[in-house]
Amino acid sequence: MANGLLQGKKGIIFGALDSKSIAWKVAERCVEEGAKIVLTNAPVAMRLGEINELATKLQCQIIPADATNLADLENLISQSMEILGGKLDFVLHSIGMSVNVRKKKDYTDLNYDWMQTTFDVSAISFHKVMQVAMKHDAMNEWGSILALSYIAAQRTFPDYSEMAESKALLESFARSFGYHWAKKARVRVNTISQSPTITTAGSGVKGFTDFFGYAEKMSPLGNAGADACADYCVAMFSDLTRMVTMQNLFHDGGFSSMGMAPELIET
Ligand SMILES: NC(=O)c1ccc[n+]([C@@H]2O[C@H](COP(=O)([O-])OP(=O)(O)OC[C@H]3O[C@@H](n4cnc5c(N)ncnc54)[C@H](O)[C@@H]3O)[C@@H](O)[C@H]2O)c1
């Protein structure tokens with residue numbers, strides 16, 4: 001179903017770990033729509049994940065970068081512009097990790113050093129990517145920068161723990177930096193608030209499988225899958241959404257507007 005929506009566009013995609021990753025699907029769809037991309041992930045993910053397979057398939061390069069490390073980001077942005085032959089049109093930040101969730105710490109007994117790392121990886125890295133890109137004057141006019149979020153930024157999902165605050169921070173960075181990017185180069189910055197999706201990061205949350213089923217019933221259209229999320233990202237990178245900025249966009253089959261689902265009461 002390719003329509004050449006991203007023909008001639010160039011971008012960086014963070015966060016493709018394996019074929020379940022949302023970023024993996026986005027990378028595939030962007031290339032299908034005519035974009036040239038660079039893939040990036042943390043050096044450790046190069047060893048554990050399958051990103052090399054994706055790069056071979058899409059015939060694109062990988063530049064390792066820890067998204068919390070400014071020197072890595074400087075190198076990523078300048079090398080990407082060289083490889084792609086000019087400034088960027090889009091960036092996807094698809095990064096999330098909670099140390100306290102990984103180590104199964106209760107929300108009422110969090111380790112604050114770990115929390116700092118969680119915020120740095122999952123949210124502050126988004127500010128860092130945008131700041132480094134701005135310092136390098138790396139974005140073309142009418143470019144598009146996206147990050148992936150979750151509705152726990154607005155509502156309470158007890159097992160999501162400190163990732164809720166990470167996502168609230170992430171969405172706030174999109175609004176605040178969105179102003180500066182708009183003024184500098186008419187670049188738009190948004191977050192997409194995605195349904196629960198079966199991926200490595202998603203499945204790390206306690207009770208994920210049960211909750212996935214609950215959200216499926218609560219959403220009139222069902223959960224939005226990773227492929228549908230990739231389609232939405234393509235739309236947000238395309239010229240068809242040039243005036244949308246500083247928004248948190250729900251991509252959740254209707255979940256966020258529901259109050260009560262009769263289907264859930266029946267079961
Ligand atoms: N899966 C879900 O249910 C769901 C729902 C809503 C939003 N999201 C968000 O979507 C995004 C992508 O997650 P996913 O579900 O595809 O899982 P995933 O595990 O496939 O992707 C997470 C990625 O973050 C990368 N990462 C971790 N630390 C990093 C660092 N320091 N530097 C660079 N990269 C780093 C990992 O290597 C991995 O590729 C995350 O922001 C996640 O919070 C996921």
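Predicted model: local features only at pLDDT ≥ 70, side-chain atom pairs only at ≥ 80, totals over all residues.
A polar side-chain atom of Ser21 is placed 2.6 Å from an oxygen atom of the ligand. For Ile22, the atom concerned belongs to the backbone: an N or O atom of Ile22 is 2.9 Å from a ligand oxygen atom.

The shell around the ligand consists of 27 residues. By class, the shell comprises 13 nonpolar, twelve polar and two charged residues. Two elements, β5 (139-149) and α8 (200-203), each contribute at least two residues to the shell. The largest share is that of α8, with three residues.

The ligand sits in the largest pocket, the volume of which is about 1,400 Å³. A total of 48 residues line this pocket, and those nearest its centre are Gly96, Met97, Thr200, Ala201 and Gly202. The lining of the largest pocket draws at least two residues from each of several helices, namely α1 (22-32), α2 (43-48), α5 (99-102), α7 (163-185), α8 and α9 (208-218), and likewise from β5. Both β5 and α8 therefore supply at least two residues to the ligand shell and to the pocket lining. In terms of residue class, the lining of the largest pocket is made up of 25 nonpolar, 17 polar and six charged residues.

The second largest pocket holds about 340 Å³ of space. Its lining consists of 18 residues, of which Lys105, Tyr107, Pro158, Asp159 and Ser161 are the closest to its centre. Two or more residues of this lining come from each of α5 and α7, two helices that also give at least two residues each to the lining of the largest pocket. The lining of the second largest pocket divides into seven nonpolar, four polar and seven charged residues.

How values were computed: Residues numbered from 1 in each chain as written. Heavy atoms only, no water. Near = heavy atom within 4 Å. Polar contact = N/O pair within 3.5 Å; in protein donor to acceptor, adjacent residues only side chain to side chain. 1 Å grid on protein atoms, 1.4 Å probe; cavity = no way out; pocket = protein on both sides within 12 Å on 5 of 7 lines; lining within 4 Å. Sits in = over half its atoms within 2 Å of the grid points. Helix = DSSP H or I, 4+ residues; strand = E, 2+ residues; numbered from the N terminus. Nonpolar A, V, L, I, M, F, W, Y, C, P; charged D, E, K, R; others polar. Points joined across faces, edges and corners; volume = space filled by probe spheres on them.
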